[in-house]
Amino acid sequence: MINVAIDGPAGAGKSTIAKAAAKQLNYIYVDTGALYRTIAYNAVKKNVIDDTNAVIALLNDTKVELKYIDGVQAVFLNGEDVSAYIRTPEISMGASKVSAIPEVRAFLLSLQQEIAKENDVIMDGRDIATVVLPNADVKIFLFASPECRAERRYKELVEKGENVKYEDVLADVNQRDYQDSHREIAPLKPSEDSIMLDTSKLNLDESIQLVIKTIKENI
């Protein structure tokens, strides 16, 4: 099985790029961020997002599954497809909080590794190359400047009809970067053998082709 790990900060386009690359290479795409968002969504729904012990307790009654419906990844929480509910700014910040909890990371780790063992995968997240798939065949660290990432996210939210300010989106990006890189467990950082790819000056299609080229050259 070929395993590709793509790490990088929030808003670097990892999910979109990894999904497109996986489709072209005929691999399975695993969006690990969606798994953390699902845990956060559950905690927000139960009103315990700021209570670490309560979040941990929720795991006992939590079943998270990735399913592929017509080739598209959907994430299920206790049998319900929650894919449409986990992309809000509130859930993004919640995901950053729950991902700092060791018990949450351990809970999702085995699920991620199981999928990688059985399939050719491209998996993206914050610690895939360092923790989840340390023996991945190709490791990529995808990044872009905070301003560039905020601009992309801002446009995305405006297109969805949300009333947001660029300054607020940039503040969110910076706060998320700080949380992700300063957490005690698996902080965001490139592994020593990761290939660094900066997409600040590339459009989406150029970024996708660069990732595909990098994977092909390193398998």
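This is a short chat about a predicted model.

Colleague: What should I know about the numbering and the model first?
Modeller: Residues count from 1 along each chain as its sequence is written, and side-chain values use heavy atoms, leaving out hydrogens and water. The model is predicted, so local features need pLDDT of at least 70, side-chain atom pairs count only at pLDDT 80 or more, and totals for chains, interfaces and linings use all residues.

Colleague: Where is D180?
Modeller: D180 is in helix α8, residues 166-182. Helices are DSSP runs of H or I, at least four residues; strands are runs of E, at least two.

Colleague: Is D180 buried or exposed?
Modeller: D180 counts as buried because its relative accessibility is 1%. Buried means under 20% relative accessible area, with a 1.4 Å probe and protein chains only.

Colleague: What does D180 touch, beyond four places in sequence?
Modeller: S96, S99, R126, P187 and L188. Contact means heavy atoms within 4.5 Å.

Colleague: Switching to β1. How many of its residues are buried?
Modeller: Five of five, across residues 3-7. N3, A5 and D7 point one way, while V4 and I6 point the other way.

Colleague: Which strands pair with β1?
Modeller: β6 runs parallel to β1, joined by five bridges. β7, residues 138-143, is also parallel to β1, over four bridges. Pairing takes at least two DSSP bridges between the strands.

Colleague: Which residues stand opposite V4 and I6?
Modeller: V4 faces I122 in β6. I6 faces I140 in β7.

Terms used. Buried means under 20% relative accessible area, exposed over 50%, partly exposed in between (1.4 Å probe, protein chains only).
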